[in-house]
Amino acid sequence: MKIMDTYSDIFNCYENGVFNKALWDDYAISIFPELKNKVEKDFSRISEYKDKIYAIFNDIQKNIKTAEVAHQSFINATKNLSDEIKKKFNIDLDVTIILYLGLGNAAGWATTIKNQKVILIGLEKVVELGWCSERDMQALIYHELGHIYHSHFEHKNHLLNNRQKGIYQLYSEGIAMVFEQTLCNDTDYYHQNTNGWLDWCKENRNLIKTEYLKRIQNKDSVQDFFGDWRSFMDHSDVGYYLGTSFFRFLMNDYSLQEIASMKLSVVLKYFYRFANE
């Protein structure tokens, strides 16, 4: 496990206190030559929010103290992290964790760059969401490490149809959430839990599940259940709660590693059991 802290270079992306895309291009290439194109390609997914995203960049300049808190939390959260993972899960994760300035892609993003597993921690999103405390930063990194853990065991699935993609996303986020909660020593921990979010999810569990199943059956998008800029019944990220419920349903019969190793056909079978319980 490697840690890459680019905080001292982030503010080179600004000119007279204003975000400058050309300077960001140079910054991104300096981290990994392939990073610029990867982040820009992903940005097209959320380009409808371009004006809001650029405002977020400039807000960092107005909230330097908050950014500094997030930076220190990143430093603290990544100390002895490899030993912590090995102690809990008996595995060495080959991954590079990078604190960087993204293009509003995500607060945390587990991905690959030139066949290297990386976790990108986007300072602009961390500050926007207020996930700056050490506890929040730990949970964010733990979650993305859960995806890296999954990648060590998962069966590669290609050409998934819309129904399969929706179910697989729920399953994948469930693995990451349970991995995160295990490291937090709290089966009810969600860093999304503000303003009664978790209570609402628990009270509306069947409604969330029913609607998710309906969209799967109709081949509709389930994106409203994931992402802070989207929502289901005015609540964002409820797919993370539902995914955790699905994963704990699987844990009635299987261990964490066994679930992470499941073939898609088994995941699909159990999803429909879960959705109709």
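# Core, rings and charges in a predicted model

Tutor: The largest nonpolar core here has 96 residues, and those with the most contacts inside it are L101, I121, L145 and F271. Keep in mind that this is a predicted model.

Student: Which helix gives the most to this core?

Tutor: Helix 9 does, with 10 residues.

Student: Take F271. What does F271 touch?

Tutor: Leaving out residues up to four places away in sequence, F271 touches I167, L170, Y212, L213, I216 and F246. F271 is also part of a cluster linked by ring pairs.

Student: Which others are in that cluster?

Tutor: Among them are Y212, F225, F226, F232 and Y240. F246, F249, Y272 and F274 belong to it too.

Student: How many aromatic pairs are there by this rule?

Tutor: The count comes to 21. Take Y212 and F226: their ring centres are 6.4 Å apart and their planes stand at 85 degrees, so this pair is edge-to-face.

Student: Where do Y212 and F226 lie?

Tutor: Y212 is in helix 11, residues 205-217. F226 is in the loop between helix 11 and helix 12 (238-250). So the pair ties together parts 14 residues apart in sequence.

Student: Is Y212 buried or exposed?

Tutor: Buried, with a relative accessible area of 0%. F226 counts as buried as well, at 3%.

Student: Which charged end sits over the ring of F274?

Tutor: That of K209, 4.8 Å from the ring centre. Likewise, the charged end of R273 sits over the ring of Y270, 4.8 Å from its centre.

Student: New topic. How many salt bridges does the count come to?

Tutor: It comes to 11. One of them joins E40 and K21, with the closest N and O atoms 2.4 Å apart.

Student: Where are E40 and K21?

Tutor: E40 lies in helix 3 (35-43) and K21 in helix 2 (21-31). The pair therefore ties together parts 19 residues apart in sequence. E40 is partly exposed at 24%, and K21 is partly exposed at 25%.

Student: What about K36 and E40?

Tutor: Their side chains meet in a salt bridge of 3.1 Å, N to O. Both lie in helix 3, 4 residues apart, which is about one turn of the helix. K36 is buried, with a relative accessible area of 17%.

Student: Which residues join into one network?

Tutor: K21, D25, K36 and E40, through salt bridges that share partners.

Student: And what does E34 form with K114?

Tutor: A salt bridge, with the closest N and O atoms 3.7 Å apart. E34 is in the loop between helix 2 and helix 3, and K114 is in the loop between strand 5 (108-113) and strand 6 (116-122), so parts 80 residues apart in sequence are tied together. E34 is partly exposed at 29%, while K114 is exposed at 62%.

Student: Last one. Where is H191?

Tutor: In the loop between helix 9 (162-184) and helix 10 (197-203). H191 counts as buried, at 8% relative accessibility. A polar contact of 3.2 Å joins its side chain to that of E180.

Student: Is W131 buried or exposed?

Tutor: Buried, with a relative accessible area of 12%. W131 sits in the loop between helix 7 (123-129) and helix 8 (134-153). Not counting residues up to four places away in sequence, W131 touches H191, A107, V126, D136, M137 and L140.

Definitions and conventions: Residues are numbered from 1 along each chain as its sequence is written. This is a predicted model: local features need pLDDT of at least 70, side-chain atom pairs count only at pLDDT 80 or more; totals for chains, interfaces and linings use all residues. Side-chain values use heavy atoms; hydrogens and water are left out. Helices (H or I, at least four residues) and strands (E, at least two) are DSSP runs, numbered from the N terminus. Buried means under 20% relative accessible area, exposed over 50%, partly exposed in between (1.4 Å probe, protein chains only). A polar contact is a pair of N or O atoms within 3.5 Å; within protein, one must be able to donate a hydrogen and the other to accept it, and residues adjacent in sequence count only if both atoms are side-chain atoms. Contact means heavy atoms within 4.5 Å. Rings of Phe, Tyr and Trp (its six-membered ring) pair if their centres lie within 6.5 Å; planes under 30 degrees apart count as stacked, over 60 as edge-to-face and the rest as tilted. A charge sits over a ring if NZ of Lys or CZ of Arg is within 6 Å of the ring centre and within 35 degrees of the ring normal. A nonpolar core is a set of buried Ala, Val, Leu, Ile, Met, Phe, Trp, Tyr and Cys residues joined through side-chain atoms within 4.5 Å. A salt bridge is a side-chain nitrogen of Lys or Arg within 4 Å of a carboxyl oxygen of Asp or Glu.
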